[in-house]
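Please look at the sequence and the model with one topic in mind, the pairing of oppositely charged side chains. The briefing below is written for a reader who is new to the subject.

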Amino acid sequence: MQLHTLYAISPIDGRYRKQTESLAPYFSEFGLIKYRVKVEIEYFIALCELPLPQLAGINKSVYPALRAIVDNFSETDAADIKVIEQTTNHDVKAVEYFIKHKFDKLGLAEYKEFIHFGLTSQDINNTATPMLLRDALQTVYLPELHAVISSLEALANDWKDIPMLARTHGQPASPTRLGKEIKVFIVRLHNQLSLLNQVPHAAKFGGATGNLNAHQVAYPKIDWQAFADKFVEKDLGLERSSPTTQIEHYDHLAACFDGLKRINTILTDLSRDIWQYVAMNYFKQKIKAGEVGSSAMPHKVNPIDFENAEGNLGIANALFEHLSGKLPISRLQRDLTDSTVLRNVGMPLAHSFIAFRSLLKGLSKLELNEAAIQHDLSENWAVVAEAIQTILRRESYPQPYEALKALTRKNEKITEKTIQEFIETLEVSEDIKKELRQISPFNYTGI
């Protein structure tokens with residue numbers, strides 16, 4: 001039965017369903033079940049490749065039919081597994097029974113007891129989850145984040161020559177350039193992406209308590225450690241954790257979540273800065289016909305996209321924080337707290353994704369109000385005091401900082417005229433005065 005979005009408890013699957021549906025193949029119950037089936041099938045094929053003596057009769061020609069169970073996995077298949085689970089009351093065991101039914105249809109009934117051979121459910125869950133996370137990041141998350149970065153790069157280039165009053169502690173400070181301020185966020189995001197890419201997608205694969213007990217007792221002459229390493233790393237494309245308890249350490253997964261959290265923190269910083277620039281009238285926002293900014297005030301065009309982004313980034317980070325803090329902790333060889341928590345891995349990714357979409361929309365609506373930016377610069381000539389006193393230091397002028405401090409720290413407005421008159425009082429050469437006269441808030445923008 002299809003759940004109507006109006007009845008979804010979470011806005012991820014309700015209000016924002018159209019935005020987040022590209023994540024559903026990975027983080028939904030359907031997605032998790034499909035990845036479990038994939039691990040089971042690839043594991044069986046790996047046992048055939050050893051080969052185990054009892055599987056030596058299986059011809060490689062059957063592999064495509066086995067992999068087709070995954071490639072053609074449907075909602076009907078997932079529903080069948082859920083029906084089986086009603087009896088087993090165990091989700092991974094239900095997957096095993098489902099594949100056994102498929103083996104019956106393929107004429108492989110004599111081999112079906114080697115499905116899930118020697119494994120525990122966490123060998124499946126702790127390989128399926130990093131696989132689906134890896135694929136979701138590469139296929140959905142990172143392209144959208146790169147789209148945000150590309151949008152910022154375009155704006156940074158467009159605005160690279162726009163002088164702007166900087167503000168430190170909220171107060172007017174040495175001028176900067178708008179493009180450079182955007183570039184700060186671009187560099188920060190690239191740095192964190194570089195760190196994120198260094199975190200392995202790790203998986204546990206070692207039987208009931210991580211020691212491959214069942215495998216070793218059944219076939220003591222096989223190097224099961226080498227088999228497990230090859231299976232996880234070559235066949236599944238993950239990094240095998242060893243030794244482990246019954247479950248994955250989750251340390252690398254926690255590092256991944258912390259990395260995603262830092263990216264969101266940077267984007268929260270960006271959202272707040274853009275919001276402030278809109279409030280300062282440095283940006284106007286393109287008006288879309290039919291849109292309403294306020295239910296009561298018709299004139300308003302609120303920076304809702306950046307507010308929406310900030311809110312969703314905050315929810316995502318709260319979840320990432322819990323995931324990275326909780327998952328690496330498990331009582332003795334395992335408790336079950338990780339199981340229910342892992343089912344929520346998609347939630348912070350979805351809220352992050354919603355935020356990315358909001359940022360892209362908000363950035364596309366920004367229109368530069370250069371007049372407001374120039375007005376702020378023209379009203380704050382005091383910011384060139386740093387430049388003047390630095391040149392005077394270069395010329396060994398006595399107490400230049402103190403001279404400028406006496407000029408600027410008054411309750412009187414410092415104007416262009418004030419600065420020019422001050423320059424004329426300085427006992428320096430005409431060449432130095434000429435150099436000082438050329439400095440203005442519009443060109444004192446550094447490198």
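What follows is a short account of salt bridges, grouped by topic.

This is a predicted model, in which local features need pLDDT of at least 70 and side-chain atom pairs count only at pLDDT 80 or more, while totals for chains, interfaces and linings use all residues. Residues are numbered from 1 along each chain as its sequence is written, and side-chain values use heavy atoms, with hydrogens and water left out. The structure holds 32 salt bridges, each being a side-chain nitrogen of Lys or Arg within 4 Å of a carboxyl oxygen of Asp or Glu.

- D91 and R343 form a salt bridge with an N to O distance of 2.6 Å, and the pair links D91 in helix 6 (residues 91-106) with R343 in the loop between helix 13 (337-342) and helix 14 (346-364), 252 residues apart.
- R188 and D269 form a salt bridge whose closest N and O atoms are 2.9 Å apart, and this pair links helix 8 (residues 178-196) with helix 11 (residues 251-279), 81 residues apart.
- Helices here are DSSP runs of H or I with at least four residues, numbered from the N terminus.

**A pair within one helix**

- E96 and K100 form a salt bridge, with their closest N and O atoms 3.2 Å apart, and they are separated by about one helical turn because they lie four residues apart in helix 6.

**Burial and network**

- D91 is buried at 14% relative accessibility, whereas R343 is partly exposed at 39%; buried means under 20% relative accessible area, exposed over 50%, and partly exposed in between, with a 1.4 Å probe and protein chains only.
- E96 and K100 are both buried, while R188 is partly exposed at 30% and D269 is partly exposed at 31%.
- D91 and R343 also belong to a network of salt bridges that links them with E29, R36, K82 and E85.

Terms used: Helices (H or I, at least four residues) and strands (E, at least two) are DSSP runs, numbered from the N terminus.
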